[in-house]
Amino acid sequence: MNDIATHPELITAKPARRRANPLPYLLSLPALIVCIGILIPFFTAVWYSLESYNMAFPTGRHFVGIGNYIDLFSSGTFWHTIVVSMVYMGASVIFELLLGLGIALLLRERSKLNNIISVALLMPLMVAPVIASLIWKLMTNPNFGVYAWIVNGLGFTNFGWASSPDTAMFTVILIDMWVNTPFIMILLLAGLRSLPTQPFEAAKLDGVPARFVFFRITLPMLMPYIITATLFRLLSAIQEFSIVYGMTQGGPGDSLMVFQIRSYIDFYQNTNVGRSSAILMVLWAITFGLSKLFVNQWHAMRERSKAGA
Amino acid sequence: MILKSLRGVALLLVVLFFMFPIFWIVVMSLQTNAEILSLPPKLIFPPTLMNYTALITGHLKTSVGTLNIAFMHNLWNSFLLSALSVIVALVLGVPAAYAFARYKFRLGEDMAFTLLSLKFAPPLLVLLPLSLEFQRVGLDNTYIGLIWIYQLITLPLILWIVRGYFEDASPDIEYAYRVDGHSWLKGFLKIAIPLARPGIAAAVVLSIIPTLAIALYAQRWLVEGLSLGAVKG
C-alpha cells in the first residue's frame, strides 16, 4: 500500500501511462530524426521555388517571391503539362479500374485455376516500371519489335507507338495498365472474396437478376476497396516518371511532358532550379490533397472493419 | 454455355496481355542478337545460354568485339543496398510503429501523417535538392547517402503496415506479461514483435521485391499488407 502511494510509477494501469510518458517519444525519435534529414531538402525546395536560381549563373541568384509561380501559370507550356498529367492520370486510372474489376469478377470463384491465374497476373507488378518500359520499347520497336510487327501485319502500317505524338499517350497508358492493373485486380479480388455470402444467397433465392445483384449489392459493398485502390493509383499516376522517362523522356516534342519529367528537365537540362522546384511544389499541393483523402479513407475503413469485427 | 466460353475467351485475352511480354523477354534472352533482330519474329530456334554466361563472366563476345558488362557488380550493389536499407528501416520503423499504435501521445498522429506523406510526395521534390546537398557534403555516390534516401520509400511502408498489426494485437497480452514481472523491453521483443510478424514480413518483402515472390506462399499477408490492413480475412 505504502509503496504505491509513494511510488506512483508502480501503477502500470493505462491512465497513468497517458500522462507525459517519455517512452513513445524515445521510440519514435530515431525514425523522426532520419525523416527530418529528408524533410530539410523539402524546405530547401520550398525556398528554391521562391528564388530565381539558375545553376549556370550562380551569381544571379536572388529572391523573387511568387515570381516563379506567376511565370508558370502564365505560360502555355505549364498548362500543357497540367493537361498532359491529368489526361495520363485520368485515362490510366479509369481503364485500370475497369479492367481490374473485370478480371477480379472473372477470378472470383475460388478454384485452383483461378488462383494460379491471379498469382501469374501479379508478374507485371513485380517488374520495375523502368524495366517494363524497356520491355515494351523492345516489343514496339519498328525494326524488330514483335508488337510493331503484329500491328503492321494487321494493316496499321503507320502506327508509331511511342515515337509518334498521336500514339505516344496511348502507348504509355497501355504500359501503365500492364504494370498497374494487377495491383487493382488483387485488391478488388481480396475485397470480393471477403464479402459476406448471405446477401448473395438471399438474392439468388429470390431470383434477383444478375445485373441488379451487381449494381445494388456487389458494387456498393466493394466500394471501400474501389476507393482505396483508386486513390492510391491516382496518387502514383499524377507523379508518373519512370514509364514516361523510360519510353520517350517526355517526347516526342513535349507531348508527354508530365509534371515530374518537366521539372527533371528544367533541373538538369535547363539548370533552372527555381522553376523546377516551383513545378514540384504545385505537384506536391495536388498529391498532398489526394493523400489527405487517402489517409482519411483508410482510417474510416479501419474503424468500420473494427466495428464490424 | 455461351457465357462460359465467353468467360474463357476473356480470361485467355487477359492472360495473353499480361503474360506475353514476360514470355517474350524470356524468349529473346535465349536468342542470339541476329535472331532477336530478325523479322518475322522467330519462335523456333536453337536456344542459347550465351547471354546469361555473358552476364556472369562480364564479357559479351560479339562479331564486332568483346563488350564488358559489370552485371554481377550491379547485382551485388542492388542486393547490398536493399538489404541494408531495409534493415535500417526496420530498426527505425518498428519501434516507432509500436509507439504510434500503443500510445496516444501528442503529435503522434501528426508525425505519423508526416512520415506517410513522405511516401506520397513527389520523389523529385526531395531528390533534386538532396542531390545538391549531398554534393556539398560529399555524400553523393556513397552507400550511406543512398540508404538514407531509400528510407523515404521503405520507412513509411514499414511504419504504416506494421502499425496496423500492432493495433490489431490486443495490448492485454503484453500487460499480463509485464504484470508477471517482465520488463517493458522483454514484453516488446517477446510478445509485441512476434504478434506483428506477418505485418513486418509483408512490409519487408514489399519494400524489397514488389509483390510476386511471396504471393506464392504468403498471399494472405501480401494482400493484407497491400491494402494497409484494411482487409479482414
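1. A:I66 sits in the loop between β2 (62-63) and α4 (67-73) of chain A; helices (H or I, at least four residues) and strands (E, at least two) are DSSP runs, numbered from the N terminus. A:I66 counts as exposed because it has 12 C-beta neighbours inside 10 Å. For reference, a residue is buried if 20 or more other C-beta atoms lie within 10 Å of its own, exposed if 12 or fewer, and partly exposed in between, with C-beta atoms placed from the backbone. From A:I66 to A:I135 it is 69 residues in sequence and 42 Å in space, C-alpha to C-alpha.

2. Some ground rules before going on. This is a predicted model, in which local features need pLDDT of at least 70 and side-chain atom pairs count only at pLDDT 80 or more, while totals for chains, interfaces and linings use all residues. Residues are numbered from 1 along each chain as its sequence is written, and chains are lettered from A and ligands numbered from 1 in the order in which they are written.

3. How confident is the model? It scores ipTM 0.79 and pTM 0.79. Chain B averages a pLDDT of 77, with 83% of the residues at 70 or above; pLDDT is the predictor's confidence in each residue, from 0 to 100. Within chain B, helix α1 (residues 2-29) has the highest confidence, at 90, and helix α11 (residues 212-226) the lowest, at a mean of 42. Over residues 210-233 of chain B the pLDDT is below 50, yet this stretch has 58 contacts in the model beyond near neighbours in sequence. Two residues are in contact if their C-beta atoms, placed from the backbone, lie within 7 Å.

4. Chain B has 11 helices and two strands, running α-α-α-β-β-α-α-α-α-α-α-α-α along the sequence. Of its 233 residues, 32% are buried. Looking at contacts in chain B with a separation of 6 or more, 60% join residues 24 or more positions apart.

5. On chain B, the unreviewed UniProt entry places "transmembrane region" at residues 9-30, 79-100, 112-131, 143-162 and 199-218. UniProt positions are given in the numbering used here, feature names are shortened, and annotations may be inferred rather than shown by experiment. Residues 79-100 of chain B are 100% helix and 0% strand, with end C-alpha atoms 30 Å apart. Residues 143-162 of chain B are also 100% helix and 0% strand, and there the end C-alpha atoms are 26 Å apart.

6. Helix α10 (residues 197-208) of chain B has 12 residues and should span 16 Å at 1.5 Å a residue; its end C-alpha atoms are 16 Å apart, so the two agree. The expected span is 1.5 Å times one less than the number of residues. Buried residues in α10(B) include B:G199, B:I200 and B:V204.

7. Which residues touch the most other members of the largest nonpolar core? A:V172 and A:L188 do, in a core of 81 residues. Helix α10 (residues 168-194) of chain A gives the most to this core, with 15 residues. A nonpolar core is a set of buried Ala, Val, Leu, Ile, Met, Phe, Trp, Tyr and Cys residues joined through C-beta atoms within 7 Å. Beyond four places in sequence, A:V172 contacts A:A162, A:I243, A:V244, A:M247 and A:L256. A second, separate core of 31 residues has B:V86, B:Y98, B:L155 and B:A196 among its members.
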